[in-house]
Amino acid sequence: MSEPTEADVRAEVSAWLKANFNPDYGLVEWRLKLVESGWGAPHYPKEWYGRGLPVKFNAVVDEEFAKIGAVTVCRAGIRTLAAATIIDHGTDLHKEKFLRRILTGEDTWCQLFSEPGSGSDMAAATTRAELKGNKWIVNGQKVWTTSAHKADWALLLARTDWDQPKHKGLSYFLLNMRQPGVNAQPLKQMNGHASFNQVFITDAEIEPELQMGKNGEGWKIATTTLMHERRGAGALRTWAMPSTRTGRIYREENAEIATTMEPYKWYPQRAGRVDLLLDRAKATGKINDPVVRQELAKVLVLSKSAEWTAMRARAAQALGRPQGPEGSLGKLLGSHVARAAARVHTMIDGANAMLTGSDGTLDGVIAEVLVSVPATSIAGGTDEIQRNIIAERILQMPKEADPFANKPFRDVPRNTVSKVG
Amino acid sequence: MQFSFTNEQEDFRGILRRFFSARSPSSEVRKLMETEAGFDRETWKKLNQELGLTAVHIPEAYGGQGFGCVELGIVLEEMGRVLLCAPYFSSVVLAATAILNAGTEEQKRKLLPAIAAGDTTATLAFTEDNGLWDASGVAMTATGTKLNGTKSFVVDGHTADLIVVLARQPGTSGDKGLSLFTVRGDAPGLKRTPLKTMDATRKLARLEFKDVEAELLGEAGQAAAPFAKTMTQAVVCLANEMAGGADHLRETSLEYAQMRMQFGRPIAAFQSMKHKQADMLVDVETAKSAAYYAAAAFDDNAADLTAVASLAKACVAEAYLQTAVHAIQVRGGIGFTWDEDTHLWFKRAKSSEVFLGDANYHRELMMQHWAAA
Ligand SMILES: Cc1cc2nc3c(=O)[nH]c(=O)nc-3n(C[C@H](O)[C@H](O)[C@H](O)COP(=O)(O)OP(=O)(O)OC[C@H]3O[C@@H](n4cnc5c(N)ncnc54)[C@H](O)[C@@H]3O)c2cc1C
């Protein structure tokens, strides 16, 4: 069977939506229908709620949804990374149990990777999982865990073998967050939000079938999750805007945006809000300041060339060509764009850049850009780590020597850890 | 918009890369750059005949191959990669494009086939001693078809067989009263002086016109639009040429870092060297994206083409120069020598940064488009 054309896909999804979408549906009720049809995640395999279509058609499908205001499946934040990892490495049981509820929005997820003692060096995790009887018992502490306080489930990286070298003693689990041994405490961030948490895990239990992969395969699987994260799967460049349409489904979607999606509401700001720059410069008259014009132009050059670099990567992928270096630069470019945009927002805002909240420009949105952008070069792997990866994996430069590469993890020097705050 | 090259285009690039690396090694570049002409007519003719380079974007009706700006961009990127010494930018990108945009049907039939065949070399003389890249800088007068004044920074101006000249009716200014003319290189009253160029691989000349009899190209007083369009295409082509040079510097710097030993290991093992290479890759790949996008936008006649062309030039100019600075730093002392090749590209980066307008100039053009939108 040959691959369908863009026009085929457009016609088919549009016809299906016209015949099926109705704003009087309940949110989950509609999404269940959507999941059954495969149009909720057309790039998923046919047997797992998708249509097996190439990723490039997702944009076309989205356009058809937008045309008639049809609500999509839930696909914001960490849940997207969970789904991608489950598709890549999960068992049929994992797929059966989780994918549908991720898409309908019934379950919220978080990523328990970073710890107080191990961030960039994520493989140095010391949270331990031990098989006792017919359960895994988990003890340890995680931190910076976005959305943990809202989450039903977690992707967990934990150590199962302390005698193996660092990377080889890790395993990957799907942890039920709604149990007595798991305690998530929100941490207040420099931008005033509290979307990440410290998570204390004390004798939490995991059924053996909720391990993903085998003992020792945790690092490999976590790398898949991170790859999806760095490619922007959970990045939320545009925030799901509450709809002004009327109908039960929109009311329920707006409620979801206000609750489970709340931790992500500053995410567009941390990317720099390049989209606001020109209008702000015009509104303030700073567009006529030759220095501002130059600096603004520099941001636009950077963000456009970054966008076109991503398009080049996607076009090559769609043609089935081997991935070129341009596909791995997005995370670092995103940091450059965000920082440059924040600088120019400050130039444009002038004295008002000293104000925040309701006294700040655009009801505080600009101030929020200025104090949120620093997250971009840290979350999901710092800029320095991205440069290491580009140099070592893409440019094949020598890997940093690790004096403990073949030593048991228990002998590796590490941080003494205390509670944050 | 086309975001990837077709298989045919990739094949074309592959052929060019092999040919140019065989025929234009740095020893050849160094030999030619020491000559006053800057190229060798016979060698260039032969190479051109094998590949049909001068014909690429000229329509078939005028003896060309009728390809677009994307293919022309590929040629330039590959030439920029090896600093090929040939009157290509002058004859094909500047002169032929100007003739295509401004000439009458009859003039195109008369002038273009010889350029497409590589028999005639040509150039476009537009900038004057004031160094302005747009029509506002033109002071040279055309009284009827008699030219008086001075052109400068004319690429291959001292060797071109045919010179396309931008001049204005006395008493006009800005975009008004502009006309294009053609003049033979050996026309009476024309004095041509080669300039000492920092980048010896791109030759420039100063041309003094005293009552030089010229032939009008296209319509009298109507040259502003075809000239502007020619500049847009030239800027896009230059951006692609520069992207090729930048990519070459990035690759050779990586090779050097992998090979050079200090403190018992290749310098590529040091993190500051790795981060520099990662930054160079980011700069060069985004510059390529901008240059490729601009070439595709040209072929699509995109509504914001002039802004996109300027964006590409601004982006590539900074990337090329920054890469050249890193390329020397990575090599240490040997990078500062005349015998090592890096400075040849450094100088091309520097002069290309300024040629056809620097990054500030192009960012301003871009803003004029987008701030008005
Ligand atoms: C907003 C936000 C949301 C987050 N959400 C999550 C989440 O949901 N789940 C989760 O697991 N984690 C999350 N994180 C954690 C994030 O992944 C880590 O903060 C990050 O990887 C850095 O680790 P660290 O904070 O321990 O800093 P460190 O690793 O201690 O780094 C400190 C500094 O040292 C530098 N450094 C470290 N190693 C090297 C090296 N080899 N070479 C050069 N420089 C080096 C770093 O670049 C940095 O500048 C989040 C972080 C933020 C800011």
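## A buried serine and its neighbours

In this predicted model, the side chains of Ser372(A) and Asn191(A) make a polar contact of 3.0 Å. Ser372(A) is part of helix H12 of chain A, which covers residues 365–372. With a relative accessible area of 1%, Ser372(A) is buried, since the limit for that class is under 20%.

Gln179(A) is another buried residue of chain A, with a relative accessible area of 16%. Gln179(A) sits in the loop that runs between strand S5 (170–176) and strand S6 (182–187) of chain A. A polar atom of the Gln179(A) side chain lies 2.9 Å from the backbone oxygen of Asn176(A).

Phe57(A) is placed in the loop between H2 and helix H3 (58–68) of chain A. Phe57(A) has 4% relative accessibility and therefore counts as buried. His43(A) is 14 residues from Phe57(A) in sequence, and the C-alpha atoms of the two are 8.0 Å apart in space.

## The ligand site

Where does the ligand lie? The ligand is found between chains A and B. It is surrounded by 20 residues, and the closest are Ser114(A), Ser120(A), Trp144(A), Thr382(A) and Gln271(B). The side chain of Thr382(A) has an N or O atom 2.7 Å from an oxygen atom of the ligand.

Strand S3 (135–146) and helix H13 (383–394) of chain A are the elements that give two or more residues to the shell around the ligand. By domain, the shell draws at least three residues from domain 2 (80–231) of chain A and at least three from domain 3 (235–381) of chain A. By residue class, the shell divides into eight nonpolar, 10 polar and two charged residues.

## Salt bridges within a chain

Side chains of opposite charge can pair when their charged atoms come close. Over all chains, the structure holds 60 salt bridges. One of them joins Glu36(A) and Arg100(A), with the closest N and O atoms 2.9 Å apart. Glu36(A) belongs to helix H2 (residues 27–37) of chain A and Arg100(A) to helix H5 (residues 92–104) of chain A, so this pair ties together parts that are 64 residues apart in sequence. Glu36(A) counts as exposed, at 53% relative accessibility, whereas Arg100(A) counts as partly exposed, at 27%.

In chain B, Lys191(B) forms a salt bridge with Glu208(B), and their closest N and O atoms are 3.7 Å apart. Lys191(B) is in strand S6 (residues 190–194) of chain B and Glu208(B) is in strand S7 (residues 204–213) of chain B, so the pair ties together parts 17 residues apart in sequence. Glu208(B) has a relative accessible area of 27% and is partly exposed.

## A salt bridge between chains

The side chains of Glu285(B) and Arg312(A) meet in a salt bridge with an N to O distance of 2.9 Å. This pair crosses between chains: Glu285(B) is in helix H8 (residues 271–299) of chain B, and Arg312(A) is in helix H10 (residues 290–318) of chain A. Are Glu285(B) and Arg312(A) buried or exposed? Both residues are buried.

Glu285(B) and Arg312(A) also belong to one network of salt bridges that share partners.

## Positive phi angles in chain B

Most residues other than glycine have a negative phi. Phe153(B) is not a glycine, yet has a positive phi of about 55°. Phe153(B) is placed in strand S3 (residues 146–155) of chain B and counts as partly exposed, at 32% relative accessibility.

Asp156(B), likewise not a glycine, has a positive phi of about 55°. Asp156(B) lies in the loop between S3 and strand S4 (162–168) of chain B. With a relative accessible area of 7%, Asp156(B) is buried.

Terms used. Residues numbered from 1 in each chain as written. Chains lettered and ligands numbered in written order. Predicted model: local features only at pLDDT ≥ 70, side-chain atom pairs only at ≥ 80, totals over all residues. Heavy atoms only, no water. Near = heavy atom within 4 Å. Polar contact = N/O pair within 3.5 Å; in protein donor to acceptor, adjacent residues only side chain to side chain. Helix = DSSP H or I, 4+ residues; strand = E, 2+ residues; numbered from the N terminus. Nonpolar A, V, L, I, M, F, W, Y, C, P; charged D, E, K, R; others polar. Domains from an automatic or database assignment. Salt bridge = Lys/Arg side-chain N within 4 Å of Asp/Glu carboxyl O. Buried < 20%, exposed > 50% of the residue type's maximum accessible area, 1.4 Å probe, protein only.
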